[in-house]
Every structure is written in C-alpha cells, then in structure tokens.
Amino acid sequence: MNVKVGSADGGVDVSQVIAAIDWVVQHKNDNGMNIRVLNLSYGTNSTQDSGSDPLSYAAEQAWKAGIVVVAAAGNTGYQTGAGAPGLADPAYNPYVLAVGGYDTMGTASTSDDTVGAYSASGTGCWGCRHPDLVSAGSHLQGLRVPNSYIDATYPQAALGDRYFRGSGTSEAAAITSGAVALILQKYPTLSPDGVKNLLRKNALRPSYSSSWTSTSTGSGELSLPRIATASPNWSYAQWWLTPSTGTGSLEAARGSDHLTADGVTLTGEQDIFGQPFNSSAMAAAEATASSWNGGVWNGSTWTGSTWSGSTWSGSTWSGSSWSGSSWSGHSWSGSTWSGHAWSDANWSGSSWSGSTWSGHSWSGGDWS
C-alpha cells in the first residue's frame, strides 16, 4: 500500500505525514488488507522531545495498533549539540524500530562492513536515542523516477533508464521493512515488540571495526540468516517505556524543514491546508483511532471515504479531491498533487531521509 504524501522534489509537511500514519492505522484491515509494517524513510530534526512531539506520537500509536513502524535514523546532522535527541523524528521515539545504514564495501563478506558516514547516531549521553540496528544502506539500486528532482539533479546516479543508485538511512529502513515482512510471514501473530526483540537479539555485531559502536549501530547488523533459525520471545514487551502524549508543537516537529508556496512559508500550528492544529485534540482522536472521519482529517477533505472494489474511491491521495485553502490562501483543488504546482521550483522541502536531498549522502561519493 503506497500512501504518497511527498512531492516530486521530496517536499512534504509534517502534518501530511501524521495524516498518512493515522490513515494507515484506521484502514489497515480494509478491503482484505492486513498492514503489519509501515516504512518511514523520512525524518525531521524536531526541536522537542519524543514524549510530546505530534509526529513521534502518531508513529507510536501505529506501533500500539499492531504495526511495526520502521523509521530511518536520519542522515548526518541529527546527533550534534547538547541535549540533541540523537536520531531523526520519528525514529527517536523509543517504541519504534530505528534503523541506521552500513556499507558492504561491495563484498559479500561482513568482515569489511563499515557504518555509513551518513548514518545518524547517538552522542553517548544519558537518555539519547540510538539506532536499534543497522541495515545495508549504501550504493543501493532502486527504481528510477524519471524527471523527479533527484533524477534531474544527479543524472550520473542513473543505472540505465529504469534504475537509480542511492545511499542513506532511507534505503536501510526499506531493506529492514522487507525483513520485517518476512518475519511476520513466518510468525503472523508476533507483536511489534516481539519483532523488534527478534531483530535486535539476532543482530550481527562485528568486533573488528572501531566504527561499530552501540551509539552508531545499536545491537548490530541486520542478520536474516540468524533470525531464520531463531525462536521469538512471544511475551516480550517494552513495558518500561513511558508513553508519549503528543501534545507538543507541530511547528517544533518540523524542525528546520518547511514548505513554501508562492513565496509563503508554512509555519506555526497549522496543517498543510492552513487549518489550526490542536495537538491535544488530535492526540485524543489518534488514541482511539478516530482522527479520520471518512475522507476528512483535521477539518479538511483529504481523500475519498470508502473502498470501491479494489481501489480507494474518490481520487485517492493523488487526485483532485484535496480541497480547501492552503496556508497561502490558494485552493488545492485547482492543481492536484500530480500537477506542476507540486513539482516545480515553487516547492522546497528537505525532510526526506535526513539532512536534505542535496546533503552529504547525495552530493558526496556515497551514491556513486
């Protein structure tokens, strides 16, 4: 199930991601689906703690609804500064599965593996969040999106007409989400806490490299061969964790990641449509899985309200059913998600997979 909220250049607002997570929670069993894993190759440098952050809270509610939330730890930039959370938001939520990235160095052997220079880690301070584990995240081949921002900006990373190579914790999170799907195929009743425990308990921790520390790699390297012969702990639960409240600031959750449209920047306690965002009221609705009312979220119509056959009725996430007024006073109904208004130079955003699309992991030698 692809719930697309980002534009062609990677721009997306926190409110869109929260709405998407909530939608998945409420519709995870619709139309014969059984959504058990949610991949979030996304993160912001939120300026507040995970216990109050609205995005962190949404991810935590998905976890408690039986969905294994796999979140990218973030790329370089999240681990610095006194009191820094260590990881990107929502990976810094203690419940979810936070994934960093490592480099195989182009060999099948694990003896020369090294932590990716892009991979965010904790600072070693008390209470800092570290990755739970790391997965292959360097030089990975994926599908190319012709004429997208990154495709046009880094044509040298294209592999023919169909594929593209990239590095980052976004890639590592996707690899891990696939591993989680395999685990749940074998153990369909295993809880998210049980899946996390199985992954961490059976991670591979090389002892030969100084880059493999608990602050950078958590339990170690994802190891499906070990998991294939291991037995899960069916009663494992993260009972010691303090539940979050979600009553913090939406603006603080954005960190430094902001969208602009027609020269107007989206800031403050308002969502993508300019609707006031009451974090306490939203958290209460999310706790009961009722933040969506048909196709309405936070007072605006975002999508259709029912399943019709094998597709979502209305125009889905990419159609013209997104209505109302944006923060800059212009209607979305005139230019849909797939139109030029979302993909041209008027949009800017930098929240996908760490520092920015043009940050260290893309402009350096990591992807080549």
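Colleagues, I begin with confidence, since the model is a predicted one. The mean pLDDT of the protein is 81, and 77% of its residues reach 70 or more. Where pLDDT is low, the predicted coordinates should not be read in detail.

I turn to the sheet. Three strands make up an open sheet with antiparallel pairing, and their order is S6-S8-S7. Strand S6, residues 140-143, and strand S7, residues 158-159, are the edge strands, each pairing on one side only. S7 and S8, the latter spanning residues 163-166, run antiparallel and are joined by two bridges. Ala-158 has Phe-164 in S8 as its bridge partner.

Next, helix H4, which comprises residues 169-186. How does its span compare with expectation at 1.5 Å a residue? For 18 residues the helix should span 26 Å, and the end C-alpha atoms are 26 Å apart, so the two agree. The buried residues of H4 include Thr-169, Glu-171, Thr-176, Val-180, Ile-183 and Leu-184.

Now the salt bridges, of which a search of the whole structure finds seven. In one of them, Arg-254 pairs with Asp-13, with the closest N and O atoms 2.6 Å apart. This pair links distant parts of the chain: Arg-254 belongs to helix H8, residues 250-254, while Asp-13 is in the segment before helix H1, and 241 residues separate them. Are the two partners buried or exposed? Arg-254 has a relative accessible area of 0% and is therefore buried; Asp-13, at 1%, is buried as well.

Other salt bridges involve Asp-132. Lys-196 forms a salt bridge with Asp-132, the closest N and O atoms being 3.8 Å apart. Lys-196 lies in helix H5, residues 192-201, and Asp-132 in the loop between strands S4 and S5, so the pair ties together parts that are 64 residues apart in sequence. Lys-196 is buried, at 3% relative accessible area, and Asp-132 is buried, at 1%. Asp-132 also forms a salt bridge with Arg-200, with the closest N and O atoms 3.2 Å apart. Arg-200 is in helix H5, 68 residues from Asp-132, and it counts as partly exposed, at 35% relative accessibility. A network of salt bridges links Arg-129, Asp-132, Lys-196 and Arg-200.

I close with the aromatic rings. The whole structure contains seven aromatic pairs. Trp-239 and Trp-240 have ring centres 5.8 Å apart and planes at 90°, so this pair is edge-to-face. Trp-239 is exposed, with a relative accessible area of 72%, whereas Trp-240 counts as partly exposed, at 45%. In the pair of Phe-277 and Trp-297, the ring centres are 6.3 Å apart and the planes are at 35°, so the arrangement is tilted. Phe-277 sits in the loop between strand S10 and helix H9, and Trp-297 in strand S12, 20 residues apart. Phe-277 is buried, at 7% relative accessible area, and Trp-297 is buried, at 0%. Ring pairs link Phe-277 and Trp-297 into a cluster with Phe-273, Trp-292 and Trp-302.

Terms used
Residues numbered from 1 in each chain as written. Predicted model: local features only at pLDDT ≥ 70, side-chain atom pairs only at ≥ 80, totals over all residues. Heavy atoms only, no water. pLDDT = per-residue confidence, 0-100. Pairing = 2+ DSSP bridges. Helix = DSSP H or I, 4+ residues; strand = E, 2+ residues; numbered from the N terminus. Salt bridge = Lys/Arg side-chain N within 4 Å of Asp/Glu carboxyl O. Buried < 20%, exposed > 50% of the residue type's maximum accessible area, 1.4 Å probe, protein only. Expected span 1.5 Å × (residues − 1). Phe/Tyr/Trp six-rings, centres within 6.5 Å; stacked < 30°, edge-to-face > 60°.
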